[in-house]
Amino acid sequence: MSSSASKRRNLLAVCATLLTGSLLAQSSSTHSADSTSLNMDAVYERPFLQNAEAGGGNNQRKLALGGYLEMNATYGAEDGLTEGLSLQARRLTLFSSARLARNITFLSEIEFEDGGHEINIEFAAVDVALNPAFNIRAGVILNPIGTFNQNHDGPNWEFIERPDVSVNLLPATWSNAGVGVFGKFHKGKVTWGYEAYLTNGFDDRIIDNVHGRTFLPASKENDERFEQSSNGRPLFTGKLSMRHHPWGEIGLSYMGGIYNNYTPDGLALDVPRRVHVAAVDLQKTIRKTGTTLVGEAVIILVDVPETYTQQYGSKQRGAFLDVVQPVVEREIGAWPHAVVLVAARIDWVDWNVGTFNETGEDIGDGLWAITPAVSLRPTAQTVFRLNYRYQWQTDILNNPAALTATWMLGLSTYF
Amino acid sequence: MPLSLRTSLALLTLAATVMACSKTLPPAPEENSLLDGPIEGLSAADQARFLRGDEAFGEIFTSTSGLGPLFVAAQCASCHPGDGKGSPFVRFTRFGQADTTGNTYLAQGGPQLQHKALPGYSPEVLPAGATSTDLIAPAVTGLGYLDAVSDADLIALADPQDLDGDGISGRPHFNRIPDYAQLRPESVELNGMYICRIGKKGAAYDLLHQTAEAYNQDMGVTSIFSPIDPLSGLEQDPEVTMQTINDVVGYLKTLKAPIQRNPEKAEVIAGGEIFGEIGCDGCHTPVLQTGSSPIVQLDHVEFYPYSDLLLHDMGPGLDDGYTEGYATTAEWRTPPLWGLGLSRDAQGGSYFLLHDGRALSIEQAIEMHEGEGQQSADAFEALSGADQDLLIEFLESL
């Protein structure tokens, strides 16, 4: 059989699967937590929704409310200088969802950070479920780059701090006004998922900010992004995920577009400049030992004006990897299914990849951190965490690293 | 069965003990290994000003807070990291001409070349015919002491005609000063000019003068002291407040002097003696005295900068054809050598010495001394290898 004929056959098989998939699809629900659920399903797998569904009956117009709370104590020191002990009520996040009509669901996530100091609509979108393989989403959308952005609820993690690559390289929980499509389909042991959105994009802040470095999260400070694009050019974000049962999940995501406001009010100030972000993420549980690995690696390319480099780098990289191991699973006190876990995270961020034009030496501006952790989960939805984080951070010139160590003890729980 | 009270308390105590254990936290580096930090014993008011100034020194400017449109860097501390020397990465260029008739390129963007620009703007280019020099940032430690030396002391150190015949003829830099400069007590005037001492050519009168110009020329940030925008040439509203500038000046004044490491070590003591024997101390004066200062810690005290704050002709090799004020093209103010051994911790691990960072080691820096410095450079060459090592060890202890 010629190879082109075999390709055609494969294509046919995929189409057939899609078609049967769509015919068999349960129209009442687009998602369910099982071995085929992907990282992208995180918004549908929150306990409050599961509870609402378990409530049964006619879910039509049923409003569900939930959320999570995170608080902790922290004690740390940088190069021997300590700020003492701080108690932090980091975030309170409220979820709500409503089934508006058959196949139409509204989901939202509103976050109050630092005691209400910062209030963000992280997600507020309407999903129209046409078919498991094809759904439409519109509203305030989380750009699905990497793994953490989509699945960022505190109680899901054994670590109090969010991964550096997700917070300080990518804009964590960066949401935007936008519209797009998503869906999934299965073939054998493999579930495929895709997402594709057009949203408002980045702005000049990513290279003109108080961080003194190329910093995509600086765009979170742009409140106008929900109402107006910074330059009238949408940002594309796309993600392709594959979950193999029982192997685990791999995701590839890309986000890119023009970031600068090159023609304010029609005045040609600059040439259009692009930012490209690519991420690969992984999630795997080793069945024999119960060990879970979660990680992502990111590369960012930014067209920085010649007259603005090299303080503001044009290339950035970073990654994190979590290893989580349950060690005790039994009744502890009043909790029949309590679990004690040990875990470790490695964080790595390089905000400025390259060498100095002037000296040929390596450009610094990077960070490494390691965080061992112990946590206790009285139930799956609540976690008490003890973390110790040790961090090495170098300035742009690669001068001796600033050493920071932090103890954190905290609680994170869904409600 | 709920967790017993005993178990719960034990767990909490364990967590608290581990967290409080200082062994798990990184130790403070030795005080003498750092350049930043305040002079000991400052009053609460001076300390508060130090902290405000420290913060302002670290402020990163953006287009919205006043950066540019033309600039060299966005933050004082990016050129003076950890209050130490800068690297060639943040080196800047000043331009003008070879004679001391005053910079004729001021209308063409002089004296400093802003080679960076906000997106949408074109950075400056060197005008045709201008001569120029490249400068890397010096450490800013101990400046309060240098600032407080009396004019009379500097005049006493000077020997413009080389009357003592040692081949060294330092002179103070008499230059015009800005209207806002506050004269030092008992300052000496000469034809409307005053002794300036700050900057590589000693062209700035005091720390306020240097700071206001740094905001303006290094970052494109205008102030009431220096209100002209480098791009438009027009006077602008202040982008940094007078209060902030005063805080930064207060901060610079109260930064501690670098602390010598291993002063008791035999090799360091021997190297210090060689330093005097071969005439390095003819310009790098080990001990100076401050005059009167409203800050008690700076009032009439001895300190060890290894500089005379005077201009010296350093010969053709270090002559970049650029004048500043009345300093000729080959003249440079003796840089203090205190903190020299810590330079690399601010310069990314390598030495970049002399005004433009051209010397990649202390030896190279000494070998490049010509003019008034020739004799002592020759004397260094003539030393045995072992004695050279002792001298270097001494210099690195500073």
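Me: What should I know about the conventions before I start?
Reply: Residues are numbered from 1 along each chain as its sequence is written, and chains are lettered from A and ligands numbered from 1 in the order in which they are written. The model is predicted, so local features need pLDDT of at least 70, side-chain atom pairs count only at pLDDT 80 or more, and totals for chains, interfaces and linings use all residues, while side-chain values use heavy atoms, with hydrogens and water left out.

Me: What ipTM and pTM does the predictor give the complex?
Reply: The ipTM is 0.87 and the pTM is 0.88.

Me: And what is the mean pLDDT of chain A?
Reply: It is 86, and 89% of the residues of chain A reach 70 or more. pLDDT is the predictor's confidence in each residue, from 0 to 100.

Me: Where in chain A is the pLDDT below 50?
Reply: Residues 1-33 of chain A are one such stretch, with 21 contacts in the model beyond near neighbours in sequence. Residues 55-59 of chain A are also below 50, with five such contacts. Contact means heavy atoms within 4.5 Å. Where pLDDT is low, the predicted coordinates should not be read in detail.

Me: What about the mean pLDDT of chain B?
Reply: That mean is 92, and 97% of the residues of chain B reach 70 or more.

Me: Switching to the interface. How many residues are in contact?
Reply: 45 residues of chain A touch 39 residues of chain B.

Me: What area do chain A and chain B bury between them?
Reply: About 3,100 Å², with 67% of it on carbon and sulfur atoms. Buried area is the accessible area (1.4 Å probe) that two parts lose on being put together, summed over both.

Me: Which three residues supply more than any other three on the chain A side?
Reply: Thr307(A), Leu397(A) and Trp407(A). They supply 19% of the area that chain A buries against chain B.

Me: Now strands. How do β13(A) and β14(A) pair?
Reply: In the antiparallel sense, over twelve bridges. Two strands pair if DSSP finds at least two bridges between them. Helices (H or I, at least four residues) and strands (E, at least two) are DSSP runs, numbered from the N terminus. Trp348(A) stands opposite Trp368(A) in β14(A).

Me: What does β14(A) form with β15(A)?
Reply: A hairpin, with two residues between the strands. β14(A) and β15(A), residues 382-394, pair in the antiparallel sense over ten bridges. Ser375(A) stands opposite Arg385(A) in β15(A).

Me: Where are the cis peptide bonds?
Reply: One joins His245(A) and Pro246(A), with omega about 10 degrees. Pro246(A) lies in the loop between β8 (235-244) and β9 (248-258) of chain A. Another joins Gly68(B) and Pro69(B), again with omega about 10 degrees. Pro69(B) is in the loop between α2 (44-57) and β1 (70-71) of chain B.

Me: How does α2(B) cross α7(B)?
Reply: At roughly 105 degrees, with the axes coming within 7 Å. That makes α2(B) roughly perpendicular to α7(B). Axes are lines fitted to C-alpha atoms, for helices over the stretch in contact, and angles run from 0 to 180 degrees between N-to-C directions. Angles under 35 degrees count as roughly parallel, over 145 as roughly antiparallel, 65 to 115 as roughly perpendicular and the rest as oblique.

Me: And α8(B) with α11(B)?
Reply: Their axes come within 7 Å and cross at roughly 100 degrees. The contact residues include Phe275(B) of α8(B) and Phe394(B) of α11(B). By class there are eight nonpolar, three polar and three charged residues. Ala, Val, Leu, Ile, Met, Phe, Trp, Tyr, Cys and Pro count as nonpolar, Asp, Glu, Lys and Arg as charged, and the others, Gly among them, as polar.

Me: Last one. In what order do β2, β3 and β5 of chain B form a sheet?
Reply: The order is β3-β2-β5, in an open antiparallel sheet. β3 (112-113) and β5 (131-135) of chain B stand at the edges, each with a single partner strand, so one side of each lacks a neighbour in the sheet. Arg94(B) has Gln112(B) in β3(B) as its bridge partner.
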